[in-house]
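The entries follow in the order I made them.

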Amino acid sequence: MVKFLSLLSSALLVAPSLISAAFVDTSGTSFTLGDSSFAFAGTNAYYLMTSDQSDVDTLFSTVSKAQLPVVRTWLFNMGTDSVWFQQWDAESGTMKINDDAETGLGRMDYVLQQAAANDVKVILTLTNNWADFGGMDYYVKSFGGKYHDDFYTNKDIIGSFKSYIEHVANRTNELTGTKYSEDETIFAWEIANEPRCVGSGTYPTSDSCGTDVTTAWIDEISTHIKSVDSNHLVAVGDEGFFNHAGEDDYEYNGGTGMDFDASLALPNIDFGTFHLYVSDWSKTNEWGTQWVKDHADAQASAKKPVLFEEYGVEEAEERTTVYPEWQAIVEEGLAADTFWQIAVPCNPDLDKFAICADDANWDTIIGNHAAAMAAKVIFTSSS
């Protein structure tokens, strides 16, 4: 689109493409790709698992032109709109995995193929804290659990989740012939979307769930992922909640049962993630600005990259001032960000934070920042 050209011209003079055929890695607080640093602005599009192929094509073409070289999406679905990746089989007492090209995991083969064709990397998230598309509580129900946090401690549930991880890591893309574990299109595996001790309310939280439980679970699952796939990065997919003594806000005092710093320090967690929704959390935009700054400080302390992985402001008019303020912190002190979320096809009602690429304020809220992050990429000649 014409409006991207002036914003991106300086970056394009430096780099005709942000993506090379290589696995994403890290160096200190930066992501790397081949011989180059890899700073980026990206986006979320959770819905690709159920999208028509024509919409998948449009999405990757759109984000590529917009200089958004990373897309985060879901790799879990217990049954929605006749698409399902896993479902409980009562007869065998196990989770059945669906590899069908039309209704199952085979749909993701096309997603990865089209991402590669458009020079885009994909972050794949393996389950959900929330009830949408099944998530953790589907496992808890299926295995006869009582608490949401049984997902973190029940050996049968953990074993089933590990089996699913092994299955997708060892899956061979029927369109490209490449195993997922060997596919450079995949940026990283994420253990879960927004894990907490508390879920959607279907199951209560046990008295024993706390930061020690969730951190131990993250350690176990991240170690397992690395044992079946040593090529890809691993992250938690969490909201970035701290566990600081003496703080009042639950986002800072460990009240969610999560400990961002402890998780990031684990040996098989390669980068940190954090989210921000001031309206949903009953916070101010100014509070949000400090939240972003605090995670930039945490990145510096941990000496690992941190991805500002989800953020959204409900009021469209506020985005024109709030997004650039938060994005400026990313440009100065964080590895990358992926906003929530681009809508393809254009549907502002996808959710209250959805943004279309033809939004009148696109340049202000996304385009300028995408160009700035693209310009940060440093290419190192191997000759």
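Entry 1. From α10, R319, T320, Y323, P324, Q327, V330 and E331 meet T364, I365, I366, H369, A372 and M373 of α11. I sorted the residues of this contact by class and got seven nonpolar, four polar and two charged. The classes take Ala, Val, Leu, Ile, Met, Phe, Trp, Tyr, Cys and Pro as nonpolar, Asp, Glu, Lys and Arg as charged, and the others, Gly among them, as polar.

I noted the conditions. This is a predicted model, in which local features need pLDDT of at least 70, side-chain atom pairs count only at pLDDT 80 or more, and totals for chains, interfaces and linings use all residues. Residues are numbered from 1 along each chain as its sequence is written, and side-chain values use heavy atoms, with hydrogens and water left out. Helices (H or I, at least four residues) and strands (E, at least two) are DSSP runs numbered from the N terminus.

Entry 2. I looked up the geometry of the α10 and α11 pair. The axes of α10 (residues 316–333) and α11 (residues 362–375) come within 9 Å and cross at roughly 15°. That makes α10 roughly parallel to α11 (angles under 35 degrees count as such). Axes are lines fitted to C-alpha atoms over the stretch in contact, and angles run from 0 to 180 degrees between N-to-C directions. The crossing is right-handed, the near helix being turned clockwise from the far one by less than a right angle.

Entry 3. I then took α6 (residues 155–169) and α7 (residues 211–228), whose axes come within 10 Å and cross at roughly 30°. That makes α6 roughly parallel to α7. I158, F161, K162, I165, E166 and A169 of α6 meet W217, E220, I221, H224, I225 and V228 of α7. By class this contact has eight nonpolar, one polar and three charged residues. α6 passes α7 in a right-handed crossing.

Entry 4. I searched the whole structure for cavities of 30 Å³ or more and found two. A cavity is a set of points on a 1 Å grid over the protein atoms alone where a 1.4 Å probe fits but cannot get out, and lining residues have an atom within 4 Å of a point. The second largest cavity has a volume of about 30 Å³. What lines the second largest cavity? Its lining is V236, D238, F260, S263, L264, I269, F271, G272 and T273.

Methods:
Angles under 35 degrees count as roughly parallel, over 145 as roughly antiparallel, 65 to 115 as roughly perpendicular and the rest as oblique. Contact means heavy atoms within 4.5 Å. On a 1 Å grid over the protein atoms alone, a cavity is a set of points where a 1.4 Å probe fits but cannot get out, and a pocket is an open set with protein on both sides within 12 Å along at least five of seven lines; lining residues have an atom within 4 Å of a point. Grid points are joined across faces, edges and corners, and a volume is the space filled by probe spheres set on the points.
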